[in-house]
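Here is a short briefing on charged side chains and their partners. Start with the model itself.

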Amino acid sequence: MLHLILTTVTDLLNEYLNGFYEVPEGMVELGMPDPSSEDTVNKLLLSLYNIERETSMGIANTYHPKQDGSFIQTASPWYLNLYFIVAAVFDGKHYVESLKILSKAISFFQQTPSFQLANGETFTIEPVTLNTQELTNVWSIIGGKYYPSIACKLRLLTVKGDEINRTVERITQTEVGN
């Protein structure tokens, strides 16, 4: 599921940027910055750096009624937020151009705050403000060297298991023992 969501964001951003820049292989990739690799230089890289449980959703009911009057129990779904960074990984001589492209990417996220997968699930994307220490920590996690970037939060991935834990019969009458 993670790869599908992040690949969709990458594809949508690529489609948007291709309206301004004609780069046949695309300008945005899903991956980690690696300045030593020619494959990831002079591109925007989208990198996942954190997955967080969404606590505002509460705890879901795990019992669901069946048509025969019994109930099935499943595990509670998890609601997750994904944190990713879009970094302009360009060599030094293309620094100004990298800022222009990153600006277009920021404009895309501002204009497209939500998107839908083929299965109908909708997600929202919002910018995340990181202070200097938090930004240093994120860049330590994803590569060590800073590149101009924007951090974003993708809300609300629902992870549900389809496995039934047990079936419970409905109580139809009460009896009190002696």
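Buried means under 20% relative accessible area, exposed over 50%, and partly exposed in between (1.4 Å probe, protein chains only). At 13% relative accessibility, Lys 153 counts as buried. This is a predicted model: local features need pLDDT of at least 70, side-chain atom pairs count only at pLDDT 80 or more, and totals for chains, interfaces and linings use all residues. Residues are numbered from 1 along each chain as its sequence is written, and side-chain values use heavy atoms, with hydrogens and water left out.

**Lys 153**
- Lys 153 sits in strand S8 (residues 149–159); strands (E, at least two residues) are DSSP runs, numbered from the N terminus.
- Its side chain makes a polar contact with the side chain of Tyr 83 at 3.5 Å (a pair of N or O atoms within 3.5 Å; within protein, one must be able to donate a hydrogen and the other to accept it, and residues adjacent in sequence count only if both atoms are side-chain atoms).

**Salt bridges**
- The structure holds four salt bridges, each a side-chain nitrogen of Lys or Arg within 4 Å of a carboxyl oxygen of Asp or Glu.
- Glu 52 and Lys 153 form one at 4.0 Å, N to O. Glu 52 lies in strand S2 and Lys 153 in strand S8, so the pair ties together parts 101 residues apart in sequence.
- Glu 52 is partly exposed at 29%.
- Glu 29 and Lys 43 meet at 2.9 Å, N to O.
- Lys 43 is buried at 9% relative accessibility, while Glu 29 is partly exposed at 26%.

**Network**
- Salt bridges link Glu 54, Glu 126 and Arg 155 in a network.

Key: Helices (H or I, at least four residues) and strands (E, at least two) are DSSP runs, numbered from the N terminus.
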